[in-house]
Amino acid sequence: MDLFGPRQALRDAFSALGEKERRDLGRLVAEDGDWRIRARNIAAGSLGAGRVGKALAAQQISMARVEDLWPLTLSKEEAAERQSRIRNARRRDERRAQRDAEREQSSDRVSRADLEKAQDGRVGAQIRIVVGGSGRDRRRRADEAAKDESKRGSDLLDRLGY
């Protein structure tokens, strides 16, 4: 694997197996089954029969990543489709991690410019009082309150003798 690369080593190892073993492993890889157990069983059986080369080949296959086996066992289209799914999932995970990192760096409600202003002491507060009801109701209440104040004020002055 170190000399020729993992793909070439797997291709050679796969060719060292018999037709039935290749078919079994290919079926398990295509079905997303547990192909590692089958490859280990092939290795154990071959070693017991004295076929060391076949046992080593099966052991290499059992240790391989499934992504490396797809081109050997599946059609070109299906292997490419599965590899593109893996690539897209990795990109999606990277984008999600990047967004999470950006969210941690920036606070939820304060922009960097506002934060700099706050550190300089140049922040002006804005206070807004919201009163329920429509505009007419507020005006009518304000008018009534003004009338009541004028009456109360005159009553008070009258009582005080002014």
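This is a dialogue on how to read some features of a predicted model.

Student: How many helices and strands are in the chain?

Tutor: Helices (H or I, at least four residues) and strands (E, at least two) are DSSP runs, numbered from the N terminus. The chain has eight helices and zero strands. From the N terminus on, the order of elements is α-α-α-α-α-α-α-α.

Student: What share of the residues in the chain is buried?

Tutor: Buried means under 20% relative accessible area, exposed over 50%, and partly exposed in between (1.4 Å probe, protein chains only). Of the 162 residues in the chain, 19% are buried. Accessible areas come from the Shrake-Rupley method with a 1.4 Å probe, and for residues only the protein chains shown count as cover. The accessible surface of the chain is about 12,900 Å², and carbon and sulfur atoms hold 49% of that surface.

Student: Which residues touch the most other members of the largest nonpolar core?

Tutor: In soluble globular proteins, nonpolar side chains tend to be buried together. A nonpolar core is a set of buried Ala, Val, Leu, Ile, Met, Phe, Trp, Tyr and Cys residues joined through side-chain atoms within 4.5 Å. Here the largest such core has 19 residues, and L17, L25, W35, I61 and L69 touch the most other members. Two or more residues of this core come from each of α1 (6-16), α2 (19-30), α3 (35-48), α4 (52-63) and α5 (66-73). The most come from α3, which gives four residues.

Student: What does L69 touch?

Tutor: Contact means heavy atoms within 4.5 Å. Not counting residues up to four places away in sequence, L69 touches L10, V29, W35, I61 and A64. For the chain, 52% of contacts between residues at least 6 apart in sequence join residues at least 24 apart.

Student: Which residues of α5 are buried, and what covers them?

Tutor: The buried residues of α5 are E67, D68, L69 and W70. Their cover includes α1, α2, α3, α4 and α6 (76-105).

Student: How do α1 and α5 pack?

Tutor: Two packed helices are described by the angle between their axes and the distance between the axes. Axes are lines fitted to C-alpha atoms, for helices over the stretch in contact, and angles run from 0 to 180 degrees between N-to-C directions. For α1 and α5 the angle is about 55° and the axes are 10 Å apart. Angles under 35 degrees count as roughly parallel, over 145 as roughly antiparallel, 65 to 115 as roughly perpendicular and the rest as oblique. The helices α1 and α5 are therefore oblique to each other. A crossing is left-handed if the near helix is turned anticlockwise from the far one by less than a right angle, and right-handed if clockwise. The crossing of α1 and α5 is right-handed. Their contact joins P6, R7, L10, R11 and F14 in α1 with D68, L69, P71, L72 and T73 in α5.

Student: What are the angle and axis distance for α5 and α6?

Tutor: The angle is about 160°, with the axes of α5 and α6 9 Å apart. That makes α5 roughly antiparallel to α6, and their crossing is left-handed. In α5, E67, W70 and P71 meet A79, R82, Q83 and I86 in α6.

Student: Is K54 buried or exposed?

Tutor: K54, in helix α4, counts as buried because its relative accessibility is 14%. Leaving aside neighbours within four places in sequence, K54 is in contact with A16, L17, G18, E21 and S46. Also in α4 is S62, which is buried with a relative accessible area of 2%.

Key: Residues are numbered from 1 along each chain as its sequence is written. This is a predicted model: local features need pLDDT of at least 70, side-chain atom pairs count only at pLDDT 80 or more; totals for chains, interfaces and linings use all residues. Side-chain values use heavy atoms; hydrogens and water are left out.
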